[in-house]
Amino acid sequence: MRVLGAIAALVLAMGATLGSAPALAQPQVVIQFDAPTVSRLLLDVQATWQVEQDGNGGTVYRAQAGETLAFALSPRACSAEQGCVGLLMLATFTRNDERSRSEIDEFLNVFNNLNANSKAVRAGDQAIVLQGYINSVYGISYANAQAQLLVFGQEIEKMRRELTAFSVQGR
């Protein structure tokens, strides 16, 4: 229940931020996920973050929103002409149950069939990665990009709840 309150607070805070921001300060259309755009998205959901480089020299924003939402954003589909037109969103969950690989795979299949906005995959035997992707190839509204980030936050919480219930059922 505390987690749902945190999500609701983030949504309300984001609405207050949007309502009070000067029209010129708010980007209207996202055509690439550059540092100012990603930073603005993170600010609007009241996240804190640090910028890192991945093993391939790409940028990764490791973010925390509220007490429980931890995720990473990474610009993708980059070119010199267009910049980065994709934004990969990732959240990693460490498992501590004794369920078999086939049980985990079945859990993930059900989750993925019921959730079109993100996909979950097994990463080794002890981790699950939830991923989402925002595409801005032909431009998308800033509000759309922001909404997709918020939906991904809801998916993180949904995965956390379902993994907890799944782990408890296996005992």
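Predicted model: local features only at pLDDT ≥ 70, side-chain atom pairs only at ≥ 80, totals over all residues.
Visitor: What is the overall order of helices and strands?

Guide: Four helices and eight strands make up the list. Along the sequence they follow α-β-α-β-β-β-β-α-β-β-β-α. As for contacts between residues at least 6 apart in sequence, 57% join residues at least 24 apart.

Visitor: What makes β2 and β3 a strand pair?

Guide: A pair needs at least two bridges. Strand β2 (residues 47-53) and strand β3 (residues 59-65) are joined by seven, so they qualify, and they run antiparallel. One of the details here is that glutamine 53 has threonine 59 in β3 as its bridge partner. The hairpin has five residues between the strands, and glycine 57 takes a positive phi near 85° there.

Visitor: How do you know that cysteine 78 and cysteine 84 form a disulfide?

Guide: Their sulfur atoms sit 1.9 Å apart. The cut-off is 2.5 Å, so the pair counts as a disulfide. A search of the whole structure finds one disulfide. The link between cysteine 78 and cysteine 84 is right-handed, with 105° about the S-S bond.

Visitor: Why is cysteine 84 called buried, and why is cysteine 78 called partly exposed?

Guide: Cysteine 84 has a relative accessible area of 17%, so it counts as buried, the limit being under 20%. Cysteine 78 comes out at 47% relative accessibility, so it counts as partly exposed, because exposed would take over 50%.

Visitor: Which residues have the most contacts inside the largest nonpolar core?

Guide: Those are Phe71, Leu73, Leu130 and Met159, in a core of 35 residues. The elements giving two or more residues to this core are α2 (35-44), β3, β4 (69-79), β5 (83-94), α3 (101-114), β7 (127-135) and α4 (142-169). The largest share, nine residues, comes from α4.

Visitor: What does leucine 130 touch, leaving aside its neighbours within four places in sequence?

Guide: Its contacts include Met89, Leu90, Phe93, Phe111, Phe152, Ile156 and Met159. Lys119 and Glu155 are also among the contacts of leucine 130.

Visitor: Why is alanine 127 called buried?

Guide: Alanine 127 has a relative accessible area of 16%, so it counts as buried, given the limit of under 20%. You'll find alanine 127 in strand β7. Not counting residues up to four places away in sequence, alanine 127 touches Thr92, Phe93, Thr94, Val121 and Arg122.

Visitor: What makes the link between arginine 99 and glutamate 103 a polar contact?

Guide: The two side chains come to 3.4 Å, and the cut-off for N or O atoms is 3.5 Å, so the pair counts. The side chain of arginine 99 also reaches the backbone oxygen of phenylalanine 166 at 2.4 Å.

Visitor: Is arginine 99 buried or exposed?

Guide: Arginine 99 counts as buried, because its relative accessibility is 17% and the limit is under 20%. Arginine 99 lies in the loop between β5 and α3.

Methods: Residues numbered from 1 in each chain as written. Heavy atoms only, no water. Contact = heavy atoms within 4.5 Å. Core = buried A, V, L, I, M, F, W, Y, C linked by side-chain atoms within 4.5 Å. Buried < 20%, exposed > 50% of the residue type's maximum accessible area, 1.4 Å probe, protein only. Polar contact = N/O pair within 3.5 Å; in protein donor to acceptor, adjacent residues only side chain to side chain.
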